[in-house]
There are 4 protein chains.
Amino acid sequence: MKYTIFGESHGPAIGVVLEGVPAGLELNAEEIQRQLDRRAPGKSELSTARKESDLVHIISGFFEGKTTGAPLTMVIQNSDQHSGDYESIRYTPRPGHADYAGFMASKGALDYRGGGHFSGRLTAPLVAAGAVARQVLAQQGVWVGAHISAIYGILDRTMETPEELRPLVDKPFPVLDEGKGEEMRQAILEAKENGDSVGGSIECVVAGLPAGFGAPDFGRNVEGIFSQYLFAVPAVKSVSFGAGVGFAYMLGTEANDPFVVEGGKVVTKTNNAGGVNGGITNGMPVVFEVTLRPTPSIALPQESVDLRTGEELEIEIKGRHDPCIVPRAVPVIEAAAALAACEVLGI
Amino acid sequence: MKYTIFGESHGPAIGVVLEGVPAGLELNAEEIQRQLDRRAPGKSELSTARKESDLVHIISGFFEGKTTGAPLTMVIQNSDQHSGDYESIRYTPRPGHADYAGFMASKGALDYRGGGHFSGRLTAPLVAAGAVARQVLAQQGVWVGAHISAIYGILDRTMETPEELRPLVDKPFPVLDEGKGEEMRQAILEAKENGDSVGGSIECVVAGLPAGFGAPDFGRNVEGIFSQYLFAVPAVKSVSFGAGVGFAYMLGTEANDPFVVEGGKVVTKTNNAGGVNGGITNGMPVVFEVTLRPTPSIALPQESVDLRTGEELEIEIKGRHDPCIVPRAVPVIEAAAALAACEVLGI
Amino acid sequence: MKYTIFGESHGPAIGVVLEGVPAGLELNAEEIQRQLDRRAPGKSELSTARKESDLVHIISGFFEGKTTGAPLTMVIQNSDQHSGDYESIRYTPRPGHADYAGFMASKGALDYRGGGHFSGRLTAPLVAAGAVARQVLAQQGVWVGAHISAIYGILDRTMETPEELRPLVDKPFPVLDEGKGEEMRQAILEAKENGDSVGGSIECVVAGLPAGFGAPDFGRNVEGIFSQYLFAVPAVKSVSFGAGVGFAYMLGTEANDPFVVEGGKVVTKTNNAGGVNGGITNGMPVVFEVTLRPTPSIALPQESVDLRTGEELEIEIKGRHDPCIVPRAVPVIEAAAALAACEVLGI
Amino acid sequence: MKYTIFGESHGPAIGVVLEGVPAGLELNAEEIQRQLDRRAPGKSELSTARKESDLVHIISGFFEGKTTGAPLTMVIQNSDQHSGDYESIRYTPRPGHADYAGFMASKGALDYRGGGHFSGRLTAPLVAAGAVARQVLAQQGVWVGAHISAIYGILDRTMETPEELRPLVDKPFPVLDEGKGEEMRQAILEAKENGDSVGGSIECVVAGLPAGFGAPDFGRNVEGIFSQYLFAVPAVKSVSFGAGVGFAYMLGTEANDPFVVEGGKVVTKTNNAGGVNGGITNGMPVVFEVTLRPTPSIALPQESVDLRTGEELEIEIKGRHDPCIVPRAVPVIEAAAALAACEVLGI
């Protein structure tokens, strides 16, 4: 299964083509829409006031309720665009955004309106693709869950077992410790009031993957596969498996996961490895954490350069933006993880 | 340029095939050997006492001092193997190692001697491949450097500018702050005495990449490309770009890199983005940090399971092992980064 | 540049996503439409009476007249569908068609209406993608031309030089010898009257490719690259380069192309190699011939099997079909060749 | 399963790395050597007098008689090289050879000795890789066979059923009609006496592939996959499936394969499609024919150009060469077909 996302924030439509979908799958289209609704903005004061109805249309590869195995295409029409907001920043790249890098890559032929193809809006088709992947995985007993693990330095409590994530699936702000969640929300609202934004982290679990998938080699190792999907999500700047960066503070005796037998099955007592050894699944849940940078769009004035004249100047970003992208990114990270898990399983 | 590493720790030889090497490159074979020597063990009490002479032979794709464009193959003969050391652990997987995952992936047909294809020894051909990549990059003004940024919680000082890494290139234990380096070495020796091991981190820079390479899309974004190469290095469990996990503690105003003009060129004042925005190089040095787990091979007894009988038991790992893999991993991470940089540049 | 075609004959739309299009190309959208019009049916009694307006809409990757480098998506709405025509053949596969193979591949979940994703109609987005490739190639002095080289055993005269194909580009029935062309048309009309169909061949030239592109290796050799694009065109069953199958009748002295100098440039006197030696372009025009099977849809009764009951029975195919697909396939083969040439050039 | 061939004719060794080999396969190493022996020269007056012992050594991915799933590397040491023979042609490319194209691709840094990486000798590792593929396929009931279908215009009789190829597997000159075979041998010897060479064709069958594998789409269609492997064999200039170029002489009523039931299974009465419809296997044997050009190395004088001075001159090729490559190419084509069949089956 391979996905290709197309479209721009202010173009007529955005969408995704999924190649290699297994044929004959009874695809639940409502469930795809439900995943998209989890990502949609405008649902609380924590997110942008922009309305994105994000109605998904399946236009190929789907017939009489089943996948046909032909490329499956899903399209979302664009609307509620304020293209005028962006004219002023056309040649003055916004700090933290892809404007300058994109300008250079496109030799100046960038669709600069609303971030164009770089827009966070392009995560909507990713969620749609991931929703298909999740239905494929469900048939094999694999599920994906996640929680917000940190926002502006406020950490959710440590996850004891992946099962704890199951009840969080329908929450708009999924955390294990509701008190910490409240602190996080306050930090977001404070940043919003200040015309600023905050970053954070998401911990994600893929449970049910059998042992023995992957390889140590380039292009086939599980961590490499997952990271490629995860770094394709805008704003993700760090991917860590299991104990992750914590390994730099550990002894081998602390880090090694002892093998024991549980219910006739070989398992590890701890899961510091995050379900992967030598690039291969070991039968434990695959656990990883991603860090997302603060939303680069902030209301405060920032330093930039006019790319035509080379003149240094100050810019102010207009428009409606998320003070923190993390809550809405939860279903996106889950979607990327589901697509990665399909590749690991050779689907 | 695509690399394929082959071989097992106790087989006749290990090696690598590099496809897509630009033709006509005057390849310095001594420099390849020199990179391998940086990785070789047995040079100090900090590393394993195993001797690995690691003499590299170029057996194809190289003629009269130049690359021909045909697949370039480098082979290293194996020697100094104590295969008997491993018989006892054949069916009792070592915690933290790939033994169990590899056993499942190979349906029991694993070459278990010395880690087989999972052995850290397989990073030698990776360093050789990276040495070729570095010579290709040098022609385009791109260089790669690194330092040990952390060992067992002892942090090197913050890098102010990539140029600081240049003088470290020939040091066996490259750190910016020698005092911190001494503390790190003590931590490693202490772990060694205790029959234990420690983990750590490496910060790496790829300098000289022009702006505009990469794309936001899956399979083409710079962070995704780098991470795939980096996670293919055994023991790497985390990859972070720029401010990395620190973004979870930051405001947008702190995180955004302001644009200014320097010497007629658009640059950013800070480099929190690590040289990448929207999956595209922005002209600043690409900076990332990887975390490596503590060497799983420790002398202390550990819990395991006999895979034939399902019986829980205690194992002790014999043989000579690195108490900390981080120092020897520096040229390996640099090699992986060089290969990734070639892919980013379309070489 | 990589293309992904999606859609079904009787779905809402068909289209193509082109990844890796060079940014900043001034794309002539009218020229894309003109190529599609060359392929469109209903223009003469030689082709199906179906009307396919095939208006192409660029919905991403294109901004202010230029390509942006982001995935370029082109969509064609479907219309004039007679889905009812196909109900009767749902479980009785048409001989020569993909119905049975597709039924097995999709585990019965096939969109059987009008050939679904297997329909010749899906060559419309291929022509659109090829039209973009042609504009990219034109900037490098590369052009593509073709003529009908055979229909039902009637052979066009031998092409002396690729330049002869230039004046044929706007002809609906491009042949070098108009007399032979008239014979071919008669053969097609005769087949049509008999409720039958005929096969034929197309010879195609890609001129202007410099020497030195490609490699002998799997995945990189020029003939392998071209053939992969050409066999992805429905009905193509044979691909031959240069003297092609004629080599089986030749001596080495006849087959070898002597080297001479012409205008200060090394060229070959003959071009039996079809512009490729050892999988690499030699600077001569790349010349190849493809054979296309007769349209499998014929009006005469044919033997089939009911896939539900295993009962053998006779079927009659309704609907409007081309008695010979070759004339309309000319721009399709050119499009496939243009896309292949881009891959050869590393675009 | 992906293969990478490395080495040059006059380098120290040639070989192949096979990635993605299924683990746990009991690999018969003698059978690999036996396939190589079929390809070896020096066995009759029909082939070159060069001796190539071609002893294959498996140096990775194989342990205690089984594949481990790690990259499987096979190496053949070179010997019996007369490098001096080639000095004279270094800058005067041989007509029909890859010398000139290779010179341009390598920017002059070509290993010109004995054809270097372009040498027909590089088909030895391909045969070794194919021998592994054949053992993988055998477990799934798939087998590959072939016969010489034409040499210098002398055609073997038409194959009635794939089963006819089974008894030919150990013959050095496999034909269905021994009388025609004798004529072919005479044509080869006559060419040899004249210092010339002849071309020919091979028809190959892959039997036992189940229906439903492949797709119509680029990169996944069966004919495209096979052709990519086949054109990677030096000297192959044409690939045709089923009736192949004959379709250009046929009516739809002749070309379409009627469906019938045989032994409770849906089959086709004829197999003009060569086992593939719409890019998908239909359960019938995959049948294709390749055409190989006459050996470009001939003893007669030929026209060339000195690449340093641009001077036109006459060259004579020394050394020992096959007057016809077709007989020795039979196991090579079978090997390529076996590797292609593995890809089709997703192995």
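Visitor: How many residue pairs are in polar contact between chain D and chain A?
Guide: This is a predicted model: local features need pLDDT of at least 70, side-chain atom pairs count only at pLDDT 80 or more, and totals for chains, interfaces and linings use all residues. Residues are numbered from 1 along each chain as its sequence is written, chains are lettered from A and ligands numbered from 1 in the order written, and side-chain values use heavy atoms, without hydrogens and water. A polar contact is a pair of N or O atoms within 3.5 Å; within protein, one must be able to donate a hydrogen and the other to accept it, and residues adjacent in sequence count only if both atoms are side-chain atoms. With both residues at pLDDT 80 or more, the count between chain D and chain A is 0.

Visitor: Which three residues supply 64% of the area that chain D buries against chain A?
Guide: Buried area is the accessible area (1.4 Å probe) that two parts lose on being put together, summed over both. Between chain D and chain A it is about 390 Å², and carbon and sulfur atoms give 42% of that. More than any other three residues, the suppliers on chain D are Pro71(D), Asp217(D) and Arg220(D).

Visitor: Which residue of chain B forms a salt bridge with Lys269(A)?
Guide: A salt bridge is a side-chain nitrogen of Lys or Arg within 4 Å of a carboxyl oxygen of Asp or Glu. Lys269(A) is exposed, with a relative accessible area of 52% (exposed is over 50%, buried under 20%, partly exposed in between; 1.4 Å probe, protein chains only). The closest N and O atoms are 3.0 Å apart, and the partner is Glu303(B).

Visitor: Which residue at the start of α4(A) has a side-chain oxygen within 2.8 Å of the backbone nitrogen of Gly179(A)?
Guide: Helix α4 of chain A spans residues 178-193; helices (H or I, at least four residues) and strands (E, at least two) are DSSP runs, numbered from the N terminus. The side-chain oxygen at its start belongs to Asp177(A).

Key:
Expected span 1.5 Å × (residues − 1).
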